[in-house]
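Me: I would like to learn how to read the surroundings of a ligand, and then the fold and backbone around it. Could we take the terms one at a time?

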Amino acid sequence: MLESDFASERRAMVAGQLRDRGIDDERVLAAMGRVPREAFLDEGDRPRAYEDAPIAIGFGQTMSQPFMVALIAQAADVRPGRKILDVGTGSGYAAAVLADLGAEVHSIERIPELAERATDRLGAAGYAGVRVHVGDGSLGVPEAAPFDAITVAAAAPRLPLTLYEQLVLGGRLVVPIGRRHTQRLEIAIRSPEGPAVLHSVPCRFVPLVGERGYRRSGRR
Ligand code: SAH
């Protein structure tokens with residue numbers, strides 16, 4: 001496919017999958033209209049880059065559906081200069097969208113091969129400033145905390161308090177919570193009285209595997 005074909009598919013995605021479905025933060029719509037989603041996929045998968053679906057990226061993982069990436073970015077209230085932790089780097093695409101919004105982005109991935117590939121692709125796409133860490137993101141990145149927002153692209157069994165505690169006051173944790181196959185996207189705002197939780201839409205993400213997530217084989 002030609003660059004221009006990707007650009008027109010990207011415009012159609014922003015209009016049909018995002019704006020028409022209620023994403024109304026113009027900065028998020030603009031960032032989604034700029035970041036080349038195809039650049040975070042293997043060559044053979046690129047023609048599918050703008051499909052309205054998650055896309056397999058190997059190791060049993062997926063690049064999230066464009067709508068979910070936009071919804072999470074909107075919910076996290078990302079602004080230039082804010083420090084964001086993106087848990088579950090995967091392809092690197094969501095980290096690129098957060099970086100495009102002007103944030104200082106830390107991203108953490110447990111599978112080293114995915115982290116390495118994402119680092120290369122972020123650099124090639126012009127987002128070399130994203131700092132990709134390898135490790136258990138359910139524990140956050142304490143050495144870089146506190147964060148203005150933490151976004152999690154994998155489902156947790158319950159609100160991950162370790163992540164919540166790495167937020168500034170007023171900071172937002174955006175995370176899918178629920179069972180393995182059905183969850184709701186929740187937004188927890190750090191406040192002196194404890195987490196103020198807003199529920200958002202039903203969703204389905206791959207599991208957060210780790211100390212504060214699901215055990216690899218468990219059914220919590
Ligand atoms: N934001 C990604 C979505 C990747 S899917 C994208 O745009 O492509 C979720 C990712 O979370 C997977 O790559 C998975 O390996 C990773 N993951 C799951 N549990 C994790 C954990 N505890 N720490 C870090 N990464 C984790």
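Reply: Let us begin with residue classes: Ala, Val, Leu, Ile, Met, Phe, Trp, Tyr, Cys and Pro count as nonpolar, Asp, Glu, Lys and Arg as charged, and the others, Gly among them, as polar. By that scheme, the shell around the ligand holds 11 nonpolar, 10 polar and three charged residues. This is a predicted model, in which local features need pLDDT of at least 70 and side-chain atom pairs count only at pLDDT 80 or more, whereas totals for chains, interfaces and linings use all residues. Residues are numbered from 1 along each chain as its sequence is written, and side-chain values use heavy atoms, with hydrogens and water left out.

Me: Which residues come nearest to the ligand?

Reply: A residue is near a molecule if one of its heavy atoms lies within 4 Å of it. Of the 24 residues around the ligand, the nearest are Ser-91, Glu-109, Asp-136, Gly-137 and Val-209.

Me: How many helices and strands does the protein chain have?

Reply: Helices (H or I, at least four residues) and strands (E, at least two) are DSSP runs, numbered from the N terminus. The protein chain has six helices and nine strands. Strand 2 gives the largest share of the shell around the ligand, three residues.

Me: What is the omega of the peptide bond from Ala-145 to Pro-146?

Reply: Most residues other than glycine have a negative phi, and most peptide bonds are trans. Here the bond from Ala-145 to Pro-146 is cis, with omega near 5°, and Pro-146 is in the loop between strand 5 (131–134) and strand 6 (147–152). Phe-59, although not a glycine, has a positive phi of about 60°.
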